[in-house]
Amino acid sequence: MSLQIQMIGTGSAFSKKFYNNNALVTCNGFTLLVDCGYTAPRALHELGIEINSIDGLFITHVHADHVGGMEEFAFRLKYTYKHKMKLFVPSKLVDSLWNQSLRGGLENKTEGFMGLGDYFDLILVEETVPTEIHPGFTLELIPSEHIPDKPSYSIMFNERLFYSSDTKFNYTLLSELSEQRKCQYILHDCQLSSPGIVHACLDELLTLPDKIQSKVLLMHYDDLIDAFIGKSGKMTFMEQHKTYSFP
Ligand SMILES: O=c1ccn([C@@H]2O[C@H](COP(=O)(O)O)[C@@H](O)[C@H]2O)c(=O)[nH]1
Ligand SMILES: [Zn+2]
Ligand SMILES: [Zn+2]
């Protein structure tokens with residue numbers, strides 16, 4: 001089943017030129033928003049995409065460029081659209097997503113709104129097993145190394161497209177995905193300057209063999225991108241708002 005991915009933003013957490021690195025992934029008529037950062041409502045508005053037209057939301061980790069737009073989503077779904085969107089959350093993230101990120105704005109004791117399930121159709125997802133979220137559309141959570149003791153998940157879609165969350169560079173994983181698991185496409189976060197520290201940086205990604213690099217599309221980059229065009233080996237920088245097809 002083919003996948004279409006529209007990057008509603010391709011920017012790093014502190015980019016002022018690009019929106020947060022969030023993506024609409026569509027397969028077999030189902031559209032999933034991967035991450036909902038603090039710029040997501042504006043990015044969608046500019047694209048003319050109604051929140052209510054999105055079928056589900058998946059969260060990779062709790063940094064604000066990945067979850068900061070969820071309060072607006074929750075309120076508008078409840079009060080404007082009167083609809084509960086499917087919310088797919090890795091089970092290890094659900095407590096921190098509510099108690100440490102969203103509860104302050106969304107808890108309403110008078111109305112009895114005490115958790116994510118009061119705003120969304122909450123669906124917990126477990127690690128490392130492919131989960132079918134819609135007929136022909138599967139995702140598998142791959143734990144990624146980002147911030148110590150804070151879960152963060154990359155995703156394998158339909159067992160052939162890898163979408164990194166924010167993650168440190170992992171040569172072994174990328175080789176295994178490409179060689180053993182026959183992954184065809186790798187969408188990867190890319191910090192332009194070195195050292196990466198909590199992200200994969202371009203210098204590290206350039207150590208991948210050409211065969212793997214040619215599968216790689218780069219995202220989550222900062223405002224200095226123009227100076228790096230043509231310096232990414234066989235890898236390609238994704239463009240904000242463009243829709244990519246993956247047959
Ligand atoms: O331990 C840490 C935590 C954060 N940072 C910096 O903050 C941003 C957070 O945004 P993400 O892009 O969602 O990770 C991160 O890029 C770092 O610049 C850090 O360095 N160390
Ligand atoms: Zn980020
Ligand atoms: Zn992060």
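**View 1. I197, an exposed residue in this predicted model.** Let's start with I197, whose relative accessible area is 65%, so it counts as exposed. For context, most residues other than glycine have a negative phi.

**View 2. A cis peptide bond at P195.** Stay in the loop between β11 (185-189) and α6 (202-205), where P195 is found. Look at the bond from S194 to P195: it is cis, with omega near 0°. By comparison, most peptide bonds are trans.

**View 3. K82 and its positive phi.** Here K82 sits in the loop between α3 (70-81) and β5 (86-90). K82 is not a glycine, yet its phi is positive, at about 50°. With a relative accessible area of 67%, K82 is exposed.

**View 4. The zinc ion (ligand 3) and its protein donors.** Four residues of the protein reach this ion: H61 through NE2, H63 through ND1, H146 through NE2 and D166 through OD, at 2.1 to 2.3 Å. Around the zinc ion (ligand 3), six donor atoms subtend angles of 62 to 168°, so the arrangement is irregular. Both H61 and H146 are buried.

**View 5. Two zinc ions that share D166.** The zinc ion (ligand 3) lies 3.8 Å from the zinc ion (ligand 2), and D166 coordinates both. Distant parts of the chain are linked here: H61 comes from the loop between β4 (56-58) and α2 (64-67), while H146, 85 residues apart from it, comes from the loop between β8 (137-143) and β9 (153-157).

Definitions and conventions. Residues are numbered from 1 along each chain as its sequence is written. Chains are lettered from A and ligands numbered from 1 in the order in which they are written. This is a predicted model: local features need pLDDT of at least 70, side-chain atom pairs count only at pLDDT 80 or more; totals for chains, interfaces and linings use all residues. Side-chain values use heavy atoms; hydrogens and water are left out. Donors are N, O and S atoms within 2.8 Å of the metal (3.2 Å for Na, K and Ca); water is not among the atoms, so sites may look incomplete. Four donors count as tetrahedral if all angles lie between 85 and 135 degrees; four count as square planar and six as octahedral if opposite donors are over 155 degrees apart and all others between 65 and 115; anything else is irregular. Helices (H or I, at least four residues) and strands (E, at least two) are DSSP runs, numbered from the N terminus. Buried means under 20% relative accessible area, exposed over 50%, partly exposed in between (1.4 Å probe, protein chains only).
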